[in-house]
Amino acid sequence: VGTAPEAQGRGLARRLVAQAARRVLDEGAVPTYLHEWSNHASARVADAAGFPDRGWRSFGVYPS
């Protein structure tokens, strides 16, 4: 989720994430929120939208 600088601080990202999560739940799936550990703004959005940091990490191998 990206927010233009002039729109930051209004709760737009939090509302978008929460709405998307509700849609995922309505469709019978489990919503997840992943972000780079160093992206503190995204971590705040996740927490505010109901996705607290549980300390889980995702690892993958990506082709170069």
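Colleague: Let's start with helix 2. What covers its buried residues?

Modeller: The cover includes helix 1, residues 12-26. Keep in mind that this is a predicted model.

Colleague: Fine. Which residues of helix 2 are the buried ones?

Modeller: Helix 2 runs over residues 40-48, and its buried residues are S42, V45 and A46. They sit on the same side of helix 2, because the arc they cover around the axis is only 100°.

Colleague: Why would residues spaced like that point the same way?

Modeller: An α-helix has 3.6 residues a turn, so residues three or four places apart point the same way.

Colleague: And which residues are exposed on the other side of helix 2?

Modeller: H40 and R44 are exposed there.

Colleague: What is S42 in contact with, leaving aside neighbours within four places in sequence?

Modeller: With those set aside, S42 is in contact with Y33 and H35.

Colleague: What comes after helix 2?

Modeller: G50 follows helix 2, and G50 has a positive phi, near 100°.

Colleague: There's another glycine I wanted to ask about, G28. Where is G28?

Modeller: G28 is in the loop between helix 1 and helix 2.

Colleague: Buried or exposed?

Modeller: G28 is exposed, at 66% relative accessible area; the cut-off for exposed is over 50%.

Colleague: How many Å separate the C-alpha atoms of G28 and H40?

Modeller: They are 30 Å apart, with the two residues 12 places from each other along the chain.

Colleague: Okay, zooming out. How many helices and strands does the protein have?

Modeller: Two helices and zero strands. Over residues 1-64 that comes to 38% helix and 0% strand, and the end C-alpha atoms of that span lie 25 Å apart.

Colleague: What does UniProt list for residues 1-64?

Modeller: The UniProt record, an unreviewed entry, gives "domain: N-acetyltransferase" for residues 1-64.

Colleague: What are the spans of the C-alpha trace along its principal axes?

Modeller: About 35 × 30 × 25 Å.

Colleague: And what share of the residues is buried?

Modeller: Of the 64 residues in the protein, 19% are buried. The protein exposes about 5600 Å², and carbon and sulfur atoms supply 53% of that area.

Colleague: Last one, charges. How many positive and negative ones are there?

Modeller: There are 8 positive and 6 negative charges, and their mean positions are 5 Å apart.

How values were computed
Residues are numbered from 1 along each chain as its sequence is written. This is a predicted model: local features need pLDDT of at least 70, side-chain atom pairs count only at pLDDT 80 or more; totals for chains, interfaces and linings use all residues. Side-chain values use heavy atoms; hydrogens and water are left out. Helices (H or I, at least four residues) and strands (E, at least two) are DSSP runs, numbered from the N terminus. Buried means under 20% relative accessible area, exposed over 50%, partly exposed in between (1.4 Å probe, protein chains only). Accessible areas come from the Shrake-Rupley method with a 1.4 Å probe; for residues, only the protein chains shown count as cover. Lys and Arg count as positive and Asp and Glu as negative; His and the chain ends are not counted. The place of a charge is taken as NZ of Lys, CZ of Arg, CG of Asp or CD of Glu. The arc is that of the directions from the helix axis to the C-beta atoms. Contact means heavy atoms within 4.5 Å. UniProt positions are given in the numbering used here, feature names are shortened, and annotations may be inferred rather than shown by experiment.
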